[in-house]
Amino acid sequence: MYKMIPWSSDIDLTEFYEVAQKKGFLNNASQKAMIDCFNNEREKQFWILHYNNRPIGSVGCHSLDIIGENAYRICARNCVLAELAGEHGMATRNNAIRKHQNFTDQYYIPACIEWAGRNKELYISSNQSTVASQRLVHNIYCPTHAEVGILKNTGEKEYRGVKQTFWKLNVEKFYESLNNYPKWILS
């Protein structure tokens, strides 16, 4: 079973960090890179996705004061170690994105929305980096959701030393679309 657990230093992430490092997921390869680098944020929350009590993924949400005091960045340090992910693993891009059959849409975005608040301005940032799958998020995931009005490209900003595109989430449109497709179960 899948379970989202709020991050704490008590969770043993040794294997998770090792696998992330081997896969080149450098933003998820240590507590310093994944969590501690956000210590300067006004607000932050991270979660660890578990499958059968084994950490397989991570996601975070934090205040985004460069946009505004009511803004939050969702899907920060988004990661799933597919080889540890059990039955869902990887899926085809179009069905996985358009029909929300992916970990981000099923678990990560709802956790971020509910923590930050449905009335907040929520953004995903993306860029052309070759680190992990950031280019896929930039070139495929975000544009696919933008085609149906779930995300809106609001432009680029220099952020954390990288030129990034910020995509604003339409919360109501996201949930409306998500509710049209099968839900995965969290324990």
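A quick definition before the points: buried means under 20% relative accessible area, exposed over 50%, and partly exposed in between, using a 1.4 Å probe and protein chains only. By that scale arginine 160 is partly exposed, with a relative accessible area of 35%.

This is a predicted model, in which local features need pLDDT of at least 70, side-chain atom pairs count only at pLDDT 80 or more, and totals for chains, interfaces and linings use all residues. Residues are numbered from 1 along each chain as its sequence is written, and side-chain values use heavy atoms, with hydrogens and water left out.

1. **Two positive phi values in loops.** Arginine 160 has a positive phi of about 55° although it is not a glycine. This arginine 160 sits in the loop between β6 (151-159) and β7 (162-169); helices (H or I, at least four residues) and strands (E, at least two) are DSSP runs, numbered from the N terminus. Asparagine 52, also not a glycine, has a phi near 50° and lies in the loop between β2 (44-51) and β3 (54-63). Its relative accessibility of 48% makes asparagine 52 partly exposed. For context, most residues other than glycine have a negative phi.

2. **Cysteines.** With a disulfide taken as a pair of cysteine sulfur atoms within 2.5 Å, the count is zero. For cysteine 37, the closest cysteine sulfur is that of cysteine 79, which at 14 Å is too far for a bond. Cysteine 112 is in no disulfide either, and the nearest cysteine sulfur, in cysteine 61, is 4.6 Å away. Cysteine 37 is partly exposed at 25% relative accessible area, while cysteine 112 is buried at 0%.

3. **Helix α5.** The end C-alpha atoms of this helix (residues 134-147) are 19 Å apart, which agrees with the 20 Å that its 14 residues should span; the expected span is 1.5 Å times one less than the number of residues. Its buried residues are His138, Tyr141, Cys142, Thr144 and His145. Just after α5, glycine 149 takes a positive phi of about 85°.

4. **Aromatic pairs.** Rings of Phe, Tyr and Trp (its six-membered ring) pair if their centres lie within 6.5 Å; planes under 30 degrees apart count as stacked, over 60 as edge-to-face and the rest as tilted. The count comes to eleven aromatic pairs. Phenylalanine 38 and phenylalanine 46 have ring centres 5.3 Å apart and planes at 40°, so this pair is tilted. Phenylalanine 103 and tryptophan 184 form an edge-to-face pair, 5.0 Å centre to centre with 80° between the planes. Both phenylalanine 103 and tryptophan 184 are buried.
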